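This briefing presents one protein model for study. Please look over the sequence and the structure below before reading the notes that follow.

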Amino acid sequence: MSLRGIIFEKTAPNAALLLVRIGIGFMFMLHGVPKLLAGPELWQTLGGQMGLVGIHFAPVFWGFMAASAEGIGGLLLLLGLFTRPAAFLMAFTMMMATLTHFSKGDDINIASHAIELGIVFIGFLIAGAGRFSLDALIFGGKKKSVADSSALSKES
């Protein structure tokens with residue numbers, strides 16, 4: 001394989017992770033920051049949805065956590081910082097959004113957005129942030145991305 005091929009093979013998956021991280025992270029910040037700024041009244045409503053899974057205490061806390069998962073989680077995803085924990089919290093938030101849609105009688109066409117994003121976040125939970133991230137810069141070799149691992153295994 002040529003040097004150009006090796007460089008492309010190692011760079012393209014990480015560049016793709018970067019592109020998706022920036023796009024989805026930014027969009028989630030746009031959704032989540034207004035929810036964070038809205039305060040306890042909205043958090044109460046958001047957190048009340050935890051009743052769908054049998055959790056009926058502290059709805060303001062759960063609503064704040066959902067708003068934080070979107071707003072702050074979006075920023076963390078964009079930066080590629082603590083990507084896997086943020087992706088976990090965001091995937092959980094999307095699971096609750098999906099359950100909320102179905103509990104209201106919405107069909108799959110309405111719930112699909114939350115389902116699709118949940119799948120994206122599970123992907124980040126598995127893959128990590130990639131080489132072009134603060135995770136890679138700060139934690140170095142400790143947090144290998146699936147993108148890096150697959151490229152490295154092909155060289156051997």
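The model is a predicted one.

**The chain as a whole**

- Read from the N terminus on, the order of elements in the protein chain is α-α-α-α-α-α-α.
- The protein chain has 156 residues, and 32% of them count as buried.
- Its accessible surface comes to about 8800 Å², and carbon and sulfur atoms account for 74% of that surface.
- Among contacts between residues at least 6 apart in sequence, 69% join residues that are at least 24 apart.

**Helix α4 and its surroundings**

- Helix α4 covers residues 83-103.
- With 21 residues, α4 reaches 30 Å from its first C-alpha to its last, which is close to the 30 Å expected at 1.5 Å a residue.
- Which residues of α4 are buried? They are Thr83, Ala86, Ala87, Met90, Ala91, Thr93, Met94, Met96, Thr98 and Thr100.
- An α-helix has 3.6 residues a turn, so residues three or four places apart point the same way. The buried positions in α4 include Thr83, Ala86, Met90, Thr93 and Met94.
- Threonine 100 lies in helix α4. Threonine 100 counts as buried because its relative accessibility is 13%, and the cut-off for buried is under 20%.
- Leaving aside residues up to four places away in sequence, threonine 100 touches Gln49 and Leu52.
- After α4 comes glycine 105, which has a positive phi near 90°.

**The largest nonpolar core**

- In soluble globular proteins, nonpolar side chains tend to be buried together.
- The largest nonpolar core in this model has 13 residues, of which Ile24, Phe28, Leu77, Met94, Leu117 and Phe121 touch the most other members.
- Two or more residues of this core come from each of α1 (3-38), α4 and α5 (108-127). The most come from α5, which gives five residues.
- What does leucine 77 touch, not counting residues up to four places away in sequence? Its contacts are Arg21, Ile24, Gly25, Thr83, Met90, Phe121 and Phe124.

**The largest pocket**

- Rolling a probe the size of a water molecule over the atoms shows where empty space is left.
- The largest pocket holds about 720 Å³ of space.
- Its lining consists of 31 residues, and those nearest its centre are Lys35, Glu70, Thr93, Met94 and Ala97.
- Each of α1, α2, α3, α4 and α5 supplies at least two residues of this lining. Which helix provides the largest share of the lining? That helix is α4, with nine residues.

**Two loop residues with positive phi**

- Most residues other than glycine have a negative phi.
- Alanine 58 is not a glycine, yet its phi is positive, at about 50°. Alanine 58 is found in the loop between α2 (40-48) and α3 (59-79).
- With a relative accessible area of 36%, alanine 58 is partly exposed.
- Phenylalanine 82 is not a glycine either, and its phi is positive, at about 50°. The loop between α3 and α4 holds phenylalanine 82.
- Phenylalanine 82 counts as partly exposed, at 38% relative accessibility.

**Residues apart in sequence**

- Glutamate 41 has its place in helix α2. Is glutamate 41 buried or exposed? At 71% relative accessibility, glutamate 41 counts as exposed, since the cut-off for exposed is over 50%.
- Glutamate 41 and valine 60 are 19 residues apart along the chain, and 7.8 Å separates their C-alpha atoms.
- Proline 13 lies in helix α1 and is partly exposed, with a relative accessible area of 27%.
- Proline 13 and glycine 130 are 117 residues apart along the chain, and their C-alpha atoms are separated by 7.9 Å.

Methods
Residues are numbered from 1 along each chain as its sequence is written. This is a predicted model: local features need pLDDT of at least 70, side-chain atom pairs count only at pLDDT 80 or more; totals for chains, interfaces and linings use all residues. Side-chain values use heavy atoms; hydrogens and water are left out. Helices (H or I, at least four residues) and strands (E, at least two) are DSSP runs, numbered from the N terminus. Buried means under 20% relative accessible area, exposed over 50%, partly exposed in between (1.4 Å probe, protein chains only). Contact means heavy atoms within 4.5 Å. Accessible areas come from the Shrake-Rupley method with a 1.4 Å probe; for residues, only the protein chains shown count as cover. The expected span of a helix is 1.5 Å times one less than its number of residues. A nonpolar core is a set of buried Ala, Val, Leu, Ile, Met, Phe, Trp, Tyr and Cys residues joined through side-chain atoms within 4.5 Å. On a 1 Å grid over the protein atoms alone, a cavity is a set of points where a 1.4 Å probe fits but cannot get out, and a pocket is an open set with protein on both sides within 12 Å along at least five of seven lines; lining residues have an atom within 4 Å of a point. Grid points are joined across faces, edges and corners, and a volume is the space filled by probe spheres set on the points.
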